[in-house]
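Let's go through this model by asking and answering. Have a look at the sequence and the fold before we start.

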Amino acid sequence: MVKKKLLGIVSLIIMILACVPAYAVCGVYDEAGLLYDTEAAALQMELVDLAELTGWDVAVVTTDNTDGKTSVLYVDDTYNALGCGDNGVLYLLDMDNRELYISTAGKAADYLTDSRIENIFDNVVDYASQGRYYLAMSTQISMTVDYYNAGIPVNQEAVIMRITVLAAGAIIGIIAAVMAVHSVLKSYGFKEVGHIYEYNNKTSMNLTVNNDRLVNSFVTTRIRPRQRNNGRPGGPGGGGEGRGGSSMHRSSSGRMHGGGGRRF
């Protein structure tokens with residue numbers, strides 16, 4: 001009888017694990033107590049929908065005590081502490097520093113670029129200032145869905161620069177070709193024929209053969225030192241790397257994060 005019960009429990013556990021999706025929804029962590037239970041439940045469902053759409057780990061965190069940390073340090077440490085994976089986004093409402101912050105990792109950083117995150121904050125910072133915290137967090141999630149459906153943005157500045165360089169090269173090439181053709185036509189243009197010199201009767205030519213022999217040769221070599229590629233700063237605290245429109249920085253765990261914040 002005991003064996004049957006144990007077998008049933010094990011079977012139930014296996015069935016539950018089999019139903020768990022490949023992504024993990026980190027959930028809603030209202031540490032500051034800013035949300036009603038119904039609001040937290042609604043945000044949880046919105047996070048589930050976002051995770052099903054993207055396959056990312058997603059979470060909402062509110063806090064009124066960051067233990068003296070800045071928002072970026074707190075959100076990155078919290079992302080790792082919750083066990084979120086390589087691809088994910090965490091939305092932080094930091095009452096201690098009065099700041100909204102979005103932390104991205106992996107593929108999420110490709111979709112939530114710096115400019116898109118700034119646009120999100122443009123739309124939600126007033127909600128946070130007015131104490132409408134559910135709307136502030138819910139709007140961030142819905143705009144993330146919109147940006148994901150819109151796809152990874154093209155770096156417009158790089159495209160414009162490339163087109164400009166190609167156009168400038170084409171124009172310079174055309175000008176050079178026209179000048180070369182003009183010079184050739186000018187050099188070989190027909191001129192008025194004057195006196196014709198009788199070169200057959202008044203000239204002579206004597207051909208001789210000379211042989212040049214290579215006696216010796218010298219080859220000089222020199223070691224060319226490599227140039228060091230120093231990393232450029234980018235992102236909070238410096239030491240970051242550009243990533244398709246997202247400023248990346250390395251957290252204390254060693255994971256690369258994108259994102260940004262806005263005070264309210």
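Q: What share of the 264 residues of the protein count as buried?

A: First, some ground rules: this is a predicted model, where local features need pLDDT of at least 70, side-chain atom pairs count only at pLDDT 80 or more, and totals for chains, interfaces and linings use all residues. Residues are numbered from 1 along each chain as its sequence is written, and side-chain values use heavy atoms, with hydrogens and water left out. Buried means under 20% relative accessible area, exposed over 50%, and partly exposed in between (1.4 Å probe, protein chains only). Of the 264 residues, the share that counts as buried is 30%.

Q: How many contacts beyond four places in sequence does the model have for residues 227-244?

A: Here too the pLDDT stays under 50. Still, the model's count of contacts beyond four places in sequence for residues 227-244 is 27.

Q: How many helices and strands does the protein have?

A: Both come from DSSP runs, numbered from the N terminus: helices are H or I with at least four residues, strands are E with at least two. By that count the protein has 8 helices and 7 strands.

Q: Which elements do the buried residues of α5 pack against?

A: An α-helix has 3.6 residues a turn, so residues three or four places apart point the same way. The buried residues in α5 are R116, I117, I120, F121, V124, V125 and A128. Their packing partners are β4 (99-105), α4 (107-111), α6 (133-150) and β7 (256-263).

Q: Which side chain does the side chain of H249 make a polar contact with?

A: H249 is found in strand β6, residues 246-250, and is buried, with a relative accessible area of 4%. A polar contact is a pair of N or O atoms within 3.5 Å; within protein, one must be able to donate a hydrogen and the other to accept it, and residues adjacent in sequence count only if both atoms are side-chain atoms. At 2.7 Å, the partner is the side chain of D76.

Q: Which residue in the hairpin of β6 and β7 takes a positive phi?

A: Two strands pair if DSSP finds at least two bridges between them; 2 bridges join β6 to β7, which run antiparallel. R250 has M256 of β7 as its bridge partner. The hairpin has 5 residues between the strands, and the residue with a positive phi, near 95°, is G254.

Q: Is D67 buried or exposed?

A: D67 lies in the loop between β2 (57-63) and α3 (71-81). Its phi is near 55°, a positive value in a residue other than glycine. With 61% relative accessibility, D67 counts as exposed.

Note on methods:
Contact means heavy atoms within 4.5 Å. pLDDT is the predictor's confidence in each residue, from 0 to 100.
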